[in-house]
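Please read it alongside the sequence and the model.

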Amino acid sequence: SAARARGFVSGLDPRGGAGAVTNTFTLGCVFSVSGDLLVLTVASQETDGFRRFLRSAKHFNYTIKVLGGGETWEGGDYISPPGGGQKVRLLKSALEDIQEENKVILFVDSYDVIFSSGPKELLKKFQQAKHRVVFSAETLIWPDRHLEDKHPHVREGKRFLGAGGFIGYAPNLKKMVSDWSGADSDSDQLYFTKIYINPEKRKSINITLDSKCRLFQNLHGALDEVVLKFEDGRVRARNVLYDTLPVIIHGNGPTKLQINYLGNYIPNLWTFETGCTICNENLRPLSGLQSEYPVVVIGIFIQQPTPFVTVFFERLLNLKYPKNRIQLFIYNQVKYYESHHEPHVRTFLEYHESEYQGVKLIGPEEDIDPVTSRNIGFEMCRDNIDCEYFFSIDVDVVLKNEDTLRILIELNKPFIAPMMTKPGRLWTNFWGALSADGYYARSEDYVDIVQGHRVGLWNVPYVSHIFLIKADALRTDLKDPDLFESATLDPDMAFCSKVRNKGVFMFVTNMHTYGRVLSTENYQTNHLHNDLWQMFENPVEWEERYIHENYSKVLKDAFIETPCPDVYWFPVFTDVACKHLIEEMEHFGQWSGGGNVDNRIQGGYENVPTIDIHMNQIGYEKEWHKFLLDYVAPVTEQMYPGYYTRAQFDLAFVVRYKPDEQPALRPHHDASTFTINIALNQVGIDYQGGGCRFLRYNCSIKAPRRGWALMHPGRLTHYHEGLPTVEGVRYIVVSFVDP
């Protein structure tokens, strides 16, 4: 929305929602170190950049007067010259009201400007320039290169004038703009340049350039010159070419990303001593809220086959946010995968749809492309007058933090994303910088942010997978229907580009641990329970889904039992793992006949046959070997001191016992150094009878626990038998290790 006031002294409103500027741009008092200095700037809209400018001004107690509030901007933009004449008109008008002869006026842009130091240093450096008017200087000449030869040469430094910042005494500035009669769309840069290159006017007004960037630092053409300087609990920009500390930093021209980067630190937004100093400013507290929580539309996007979708919906249910204040928009893409994720979505809605304020589902049969689906989701929020936020989540996001939505809302930014990672990698869902062609580049602080050495709120050029956006932004700055469309960029990159160009800052926060993003590149869909095969691609999620919650206690707290001599019993599989293994085998269905002749094994003859399916029949041998190495070998080496296993196996299989098929197994030794036997279902519920008896010790285990592994020597000492299953169906998974 356009700023309402014109020509008021400005500060920041401590209550102002998302750091909003008040209608009169005033805090009710004047921040001023020196009454001789007044900062004039032009702003027709309350952009994030404008709020950043005002915050930096308040930090150093500058006195600000904002011009142009309520006006439509007709001064063009930095991409397509000319432009900026509207600023000259507004300046000329404002100067007419200033009568003090010794009044120093600083005139700067606002959306892409930050203060790096205070008025005292600025005035001192201005006086040291020994001229009545000082302009910022640039490396590049713009907009008319033909005027290059007419610029005075300087002994050292930059020789071209920059119109984005200048400081001078009011009478001299009045004289400088006195003959302005151009249109708002004319070039202010060209106007001031022509004055400067005219020797008589330059001398009469007493103009010079800040050639060594002591007062002003224009970033265009000078990116290699500027670094952050951290010292004594303070951070500012340093020009390494001239060894100067400029007071005002201007992201002129195509350097908006660079000023955003510097603005993450300057002035003292983040330092090594204090950490983040703005993370608790302008919050929107939800705790103890008397009225109802804001309404949120959560957009869920399933655009490709993805593992652990069932877990995604479980985590969605666990979000600590009132479901009656949430509307769901679910997009399940592409006909080719219709049968894969449709049951997951259908089951979730069958049990939980009624808990939410509303649900809109777009399924594969509607043939809606991904870009259109994003726009439909935004429209669902825009069109609902009660909607205050749109929370976009791709289904490959593992949302571990149940407070994520609350945290993001309380941070109160127009656009904010939680930082998501991939285990063991430096990958995240944000980019710290962009390359020249608009793709990924690593910012100087990226690794520190990812690894948690720098924690805070970061204005970045690109986010993906998950973000929260205010409905007000969707209804104003981001109301265009083509936000995701581009002839050259992917939809997510196109979206971020348009958000940036609209002046909306995209923040990412790493103040908490929020979760991860799954790897989906090699996800296969040719099994019943495809997630079982995710040990290599997504090992963390696989472990959380399939490894027993008490397994970690086995090694750490000796959470292990010894039901018979040298037989160890410990938890290893979750109920879900057991269920999925049984169903996967029954879905495969090619159970052996239980006879001695068995072409699946070397030699083709089995002495002690069972009705079973081997792991290699379902393509699970690599995953099973990794399971043995990661979860069985450590227990083996702890319980059998001095023995080290490489977890080699010839046979690993799921056995099925049924009273009318094969109820039991005769006494035998195993062809292994040690054997793993894991119960996959529950005695007394799924079957009656069953168990294992070790004859040498006359010791039986008649009530095996689902998901618990029996580990015992295979040869010589542990002659054993499978006890009869008298009712139901019993399943176990057996592995002969180190044959």
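**Note on salt bridges and a mixed sheet**

1. Lysine 201 counts as partly exposed, because its relative accessibility is 34% (buried is under 20% relative accessible area, exposed over 50%, partly exposed in between, with a 1.4 Å probe and protein chains only). Its partner in a salt bridge is aspartate 179, with 3.8 Å between the closest N and O atoms; the term denotes a side-chain nitrogen of Lys or Arg within 4 Å of a carboxyl oxygen of Asp or Glu. Lysine 201 belongs to helix H6 (residues 199-205) and aspartate 179 to the loop between helix H4 (170-177) and helix H5 (188-196), so the pair ties together parts 22 residues apart in sequence. Aspartate 179 is also partly exposed, at 45%. Helices (H or I, at least four residues) and strands (E, at least two) are DSSP runs, numbered from the N terminus.

2. This is a predicted model, in which local features need pLDDT of at least 70 and side-chain atom pairs count only at pLDDT 80 or more, whereas totals for chains, interfaces and linings use all residues. Residues are numbered from 1 along each chain as its sequence is written, and side-chain values use heavy atoms, with hydrogens and water left out.

3. In total, the structure holds 37 salt bridges. Aspartate 243 and arginine 238 form one of them, with closest N and O atoms 3.1 Å apart. Here aspartate 243 is exposed at 54% relative accessibility, while arginine 238 is partly exposed at 28%.

4. Within helix H17 (residues 575-588), glutamate 583 and lysine 579 are 4 residues apart, about one turn of the helix. Their salt bridge has a closest N to O distance of 2.9 Å. Glutamate 583 is partly exposed at 27%, as is lysine 579 at 45%.

5. A network of salt bridges links Arg315, Lys400, Arg516, Glu541 and Glu544.

6. An open sheet of 8 strands runs in the order E17-E16-E15-E18-E26-E20-E27-E24, with mixed pairing; two strands pair if DSSP finds at least two bridges between them. Strand E17 (358-362) and strand E24 (457-460) are the edges, each pairing on one side only. From one strand to the next, the twist averages 20 degrees.

7. Strand E15 (residues 295-302) pairs with strand E16 (residues 326-332) in the parallel sense over 7 bridges. Helix H8 (residues 309-317) packs on the sheet, touching E15, E16 and strand E18 (387-394), where contact means heavy atoms within 4.5 Å. The direction of H8 makes about 175 degrees with that of E15; axes are lines fitted to C-alpha atoms, for helices over the stretch in contact, and angles run from 0 to 180 degrees between N-to-C directions.
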